[in-house]
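Please examine the sequence and the structure together before reading on.

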Amino acid sequence: MRRGGALRPVWELSAAGPGRRLRALLGGGGGAVRGSPDGRHLVLRPAAPEPAVLALSLALWRGGAEGAGEHAWRAGAEGDGAVAGVAFVGTPWALAVVWERGRAELWRPVPAVGWRLLQSLELCQGARARVVSVGSQGAGLVWCEERPPMDAPAAPARAALRYCVCTRALEVAEQGARLGPVRIVLHNCPCYRILASPRHVFLLPAPDAHAGAAKLLLVWCPQESRLALVAPARGLLRSHPLPPAGELDFKKLVAGCAGLLPALDPLDIHTCALSDSGDLLLLSPRGAVDLLQPNGAQRCVFDLGGSALAPGDPAQLHARGGTLACALAGLLYLVDLGSGRLLDKMVLSTKEVHFLEDEEELQLLMPTGIYSYVPRGAEPGGRPEPPLSELVFQEACKYYQRRSLSSAPLTVEKLRKGGMFQAPIALAAILHHGLRPQHEPPHGLPGPHAKLLSALSLELQSYRSLEVLKACVVGAPEGEVDSYCEELVEQELTRLLHSELDPDNLAYLNTIFRSFPRAAWKAVRASLQLRQGTDGLLVARATPDIWKKVLGGPVVREVEGGCNGVLPLFELICGSLHRYKPAWLPRFVALTQQYAGTAWPYGSQDGPEGRVPLYKRALAVLTRRAGAAGDEDLEIDLLLCSARPKAVLQAVQLLVRLRHWSRVLEAARRFCPRSPLLNKEIFATLLAEVAQHRELDPHLGALWDLCPPDLAATDILAIVLQHLPSPVVGEPAPFAAAPGTPLTVGLLKPLLQRVAQCPRAQDELYANALQSPGIPPPTPPRERRAGAKLAPRTATLGLDQGGAV
């Protein structure tokens, strides 16, 4: 971002037309606004008593239909109390509206129908419980509830610790939801406010909390089942593991650092918010913004330098993409989170500002409508894009600089004025003539340039259609943007595959795959013509040049391994396959190996197999995208599709560890005939498993068929004795009882009989070698000296004896 940006209106609210009631609610002050995960709905909790919660559809309100797509939740019945909080849960999402007495309702918007109630649930188990704060974490709800004592009123210090933090799994389906059991994470604790990120839950004490508890905040990590005690001024004080099936007492948690409490200052928080990376942003009444990480590390981001903030002064924090946005007292601050540098500061027309979740731009909701922040240079009145001729000369400078032996930098001015290279000048003239607007009069073009223009007419027409498509994407309605983006990505990918795939173009490809993953996947299928045949194999139709860009090339050496976050095209395609068609990934790797074997000699440094095997590059993609279900089976399929002995043996070992015996034998029957050494390794591995347990007994017949012909009975017995289970300590070795069902001689008898009846292949090999007419081998011919001739009798003798020349 640069200084001097502007606010572009996305949706304006008229004071007299539709939306005037919403404008009044937003201008009332003190309310809270949240956007739905898909950005299509707004959920408001106004400061006014009625309504308690208001949800509306942005698409219908923008169309001018006041009240369309709107739903209001009033204060609950006499037994429910007020609304304690709202949260978005599940995927696809549902809105959970939670009342103080523990009743929760799950709602979901239905197009052309409105909001539909999925199910009404009871979160709390006690009749006297009262929910004070609620949030969503993963696939469940987290809340803080008050549990008043059953007996007489307790002392003030004890009464302040009558709260507990609970969690409950919640599975949302299309027609309803299913609640899991209630789990109490912390009990006997003060009143906490819940702020939940995808990985951590921050527990902030309420303003009226106990004096000692008001100095600390808690960080709960459900994945690690740990609860951390943090003082922002001191960092991490203590981290305590949660009991597997029990709950943690707040008093015991604080007892370990009770001596530090008198020296700590109370928490100085005016406003707090979560960043997109899961960190906690804290705004103090003095105007200082701090960032607190879940591990307790804290750093100051920026000091607004304003006067002291009163408790009721509106302030909003929002952090996304490394930029902090702070709306305070009618001013908008934009700060770099990494360096703390002020990027922009602008005056707003109102103090009531709310930030909306948007992946592409910073959006602000104000009483007059929704606005997006546009940096300087991107707004219509900003600096225009460089002319097309300037871009031509810039690309020419990069091209000639890479091929120049001189260290002096080549500038655009030198290239344009010096006239050293005529190609950029000719291309700029052709583009200026071929892409001129229709209202401009035609200009004459020199004869050689006219010939080049006729050769480039198809490319210029494609470029013009691409620019028209980009304009359609910008001005398309919301329902047609996806189709235009898919067509745009397909044209861009086709253009890059038919051009030189240098590091800049490869970085641009990475941006396309990150920004439009589904459109990029469809473009890959169209460009390579990937499809599954009737036999289950993957079929692709692409030119050899495109295959070489997919598999390798000089640029891969510069970016191999994901240098600076830029991945080669093969890794990008494997990532798309793993995301949208994981079953095709091993078949795609097998297909690429088949092409690589015919396009490059084996072991060639120019080919992909000369550096890192393709199956290992695909496995690296699985490592970067760890956490998906079924990755172990996919890893095994990738190892098997490589057909390399080490990879096949690794796959067999993984299958043995997973106890997939039918797949183990299937892989063994497939690959053992190809390599005697691999056959011996796989058979020894499976024989060791036979010696340890009885799970392979139904497959012993198929296993004995895999026995290598040169394996003797003594070798088999040595493998078995080496891998027998350890005997029980204290018993004599011959009479010791092994754990489980022991291996008997009867199980090995068919194998030993097979080995004893068949002649040893090694003896037959020696016998055949001794009876061969080529033994002893013929004497090799002598080296030819200068001027000497080889005796013809020596060559004839070697041929008569059957030796190899």
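How many salt bridges does the count come to? In this predicted model, the count comes to 16 salt bridges. Side chains of opposite charge can pair when their charged atoms come close.

One of these pairs joins E361 and R8, whose closest N and O atoms are 3.3 Å apart. Because E361 lies in the loop between β28 (354-356) and β29 (363-366) while R8 belongs to strand β1 (residues 6-12), the pair ties together parts that are 353 residues apart in sequence. E361 counts as partly exposed, at 26% relative accessibility, and R8 also counts as partly exposed, at 37%.

A salt bridge is also formed by E145 and R147, with 2.5 Å between the closest N and O atoms. Here E145 is buried, its relative accessible area being 1%, whereas R147 is partly exposed at 34%.

The pair R495 and E492 has its closest N and O atoms 3.2 Å apart. Both residues belong to helix α10 (residues 481-497), and because they are 3 residues apart, about one helical turn separates them. R495 has a relative accessible area of 39% and is therefore partly exposed; E492, with a value of 5%, is buried. Salt bridges also form a network, which links R130, E146 and R162.

The next topic is the geometry of helices. Helix α12 (residues 517-528) and helix α15 (residues 569-580) have axes that come within 10 Å and cross at roughly 110°. That angle makes α12 roughly perpendicular to α15. The crossing of α12 and α15 is left-handed. On the α12 side, the contact is made by P517, R518, W521, V524 and L528; on the α15 side, the contributing residues are I573, S576, L577, R579 and Y580.

The buried residues of α18 are D631, L634, I636, L638, L639, L640, C641 and S642.

Most residues other than glycine have a negative phi. A643, which follows α18, has a positive phi, near 60°. Q529 likewise has a positive phi, near 55°, although Q529 is not glycine. Its place is in the loop between α12 and β31 (531-532), and Q529 counts as partly exposed at 42% relative accessibility. A positive phi, near 65°, is found for R659 as well, again in a residue other than glycine. R659 lies in the loop between α19 (645-658) and α20 (661-671), and with a relative accessible area of 37% R659 is partly exposed.

Finally, R40 lies in the loop between β2 (32-35) and β3 (41-45). Its relative accessibility is 45%, so R40 counts as partly exposed. Along the chain, R40 and L58 are 18 residues apart, and their C-alpha atoms are separated by 5.6 Å.

Conventions: Residues numbered from 1 in each chain as written. Predicted model: local features only at pLDDT ≥ 70, side-chain atom pairs only at ≥ 80, totals over all residues. Heavy atoms only, no water. Buried < 20%, exposed > 50% of the residue type's maximum accessible area, 1.4 Å probe, protein only. Helix = DSSP H or I, 4+ residues; strand = E, 2+ residues; numbered from the N terminus. Salt bridge = Lys/Arg side-chain N within 4 Å of Asp/Glu carboxyl O. Axes fitted to C-alpha atoms, helices over the stretch in contact; angles between N-to-C directions. Parallel < 35°, antiparallel > 145°, perpendicular 65-115°, else oblique. Left-handed = near helix turned anticlockwise from the far one by under 90°. Contact = heavy atoms within 4.5 Å.
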